[in-house]
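Student: I am new to reading structures and would like to go through one step by step. Please give the general idea each time, then the case at hand.

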Amino acid sequence: MKTSHHTADNIAVYMYHHISDQPDSLSVTARRFEQQIRGLASDGYTSLGAEDFAAFMRGEPMPKKSVLITFDDGYLDNWVYAHPVLQRYGFKAVLFTITGLIGDGPVRPHAGQGKALPALYSHKESKQRMFGPEPDSVMLRWEEIHEMLKAGTFEIHSHTHTHKRWDTLCSSVEEKTQRLHDDLLASRDTLNRRLGRASGHLCWPQGYFDADYQRVANTLGFDHLYTTDAYGQNKPGQNISHIYRFAVRNRSDGWLRRRTWLASHPTFGPLYNNWKRRPA
Ligand SMILES: [Zn+2]
């Protein structure tokens, strides 16, 4: 039987967007990403899936060195660069996809196959393309997602269907909640239709949520809600409508090791988080 000494006290949740060779605040280079994953692997870390994480939040024990790796949006570069690295080290990540922007077509090459790779774009250009006429040039295809699922490198969960900020686009609470409801329902239906299942794990576009948002999500069966709030620990019994995540930067595996240690330390973690959250 496991003792509490061998059980994680809390679990750090990472947030990535792009793995690409155009580093910016939302992009980590392929070389850095490999360093980071290799570092976690050699330190004895395990990457959990969403079900494991949910079980942990319900009170089930998980290995002391557990992390939950998440990606937002569903970019093509996740297939090109992140998938082969996760596969090499036996790691998995949770991908929150904007289900309405995922296309169809043949599987494109990924790194390590010795083939010419598809063109990849900066986050800024990706944003213009994904919400413009060419989402397919920067976003994943369902065929690539099937390959990721088969390999066990990525799980697919919802990041809404449109990524729209209904709170800023609607003039009344009724309209906002109706549009969000339709958006989440479309995402859930798309996942069910394309993958045969949708989960209760949802990540908010741009990290925005309010009490109306949470209520709408809950009525559609989304109970694990992922924020962009970095400064808090995910502990058993805590509010699963407010899961903390921190962004992984284009920095060394040593930086990630220290950041993870600090985030999950039972004493220093809360001290650090309180200090970061202090009023300016
Ligand atoms: Zn997003």
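Predicted model: local features only at pLDDT ≥ 70, side-chain atom pairs only at ≥ 80, totals over all residues.

Student: Is His163 buried or exposed?

Tutor: The scale is relative accessible area, taken with a 1.4 Å probe and protein chains only: under 20% is buried, over 50% is exposed, and partly exposed lies in between. His163 has 14%, so it is buried. Its phi is near 65°, a positive value in a residue other than glycine.

Student: Which protein donors does the zinc ion have?

Tutor: Donors are N, O and S atoms within 2.8 Å of the metal (3.2 Å for Na, K and Ca); water is not among the atoms, so sites may look incomplete. Here the protein donors are Asp73 (OD), His159 (NE2) and His163 (NE2), lying 2.1 to 2.2 Å from the zinc ion.

Student: What spacing do the donors follow along the chain?

Tutor: The spacing is D-x85-H-x3-H.

Student: What can be said about Asp73?

Tutor: Asp73 is found in strand β5 (residues 66–73). With a relative accessible area of 4%, Asp73 is buried. Asp73 also has a positive phi, about 95°, although it is not a glycine.

Student: How many helices and strands does the protein have?

Tutor: The protein has 10 helices and 10 strands.

Student: What does the radius of gyration say about the protein?

Tutor: The radius is taken over C-alpha atoms, and the globule rule is 2.2 Å times the number of residues to the power 0.38. For 280 residues, a compact globule would have a radius near 19 Å; the protein has 18 Å, which agrees. The C-alpha trace spans about 55 × 50 × 40 Å along its principal axes. Of the 280 residues, 52% count as buried.

Student: How much of the accessible surface belongs to carbon and sulfur atoms?

Tutor: Accessible areas come from the Shrake-Rupley method with a 1.4 Å probe, and for residues only the protein chains shown count as cover. The protein has about 12600 Å² of accessible surface, and 51% of that belongs to carbon and sulfur atoms.

Student: What share of contacts joins residues 24 or more positions apart?

Tutor: Contact means heavy atoms within 4.5 Å. Among contacts in the protein with a separation of 6 or more, residues 24 or more positions apart account for 71%.

Student: Which residues does Glu143 touch?

Tutor: Leaving out residues up to four places away in sequence, Glu143 touches Gly103, Asp104, Gly105 and Val107. Glu143 is found in helix α5 (residues 142–151), and it counts as partly exposed at 27% relative accessibility. Glu143 and Gly105 are 38 residues apart along the chain, with their C-alpha atoms separated by 6.8 Å.

Student: Where is Pro135 found?

Tutor: Pro135 is in the loop between α4 and α5. At 21% relative accessibility, Pro135 counts as partly exposed. Its contacts, leaving aside neighbours within four places in sequence, are with Leu101, Arg129 and Met130.

Student: What does Asn218 touch?

Tutor: Not counting residues up to four places away in sequence, Asn218 touches Asp223, Leu225 and Ser241. Asn218 has its place in helix α8 (residues 211–219) and is partly exposed, with a relative accessible area of 39%.

Notes
Residues numbered from 1 in each chain as written. Heavy atoms only, no water. Helix = DSSP H or I, 4+ residues; strand = E, 2+ residues; numbered from the N terminus.
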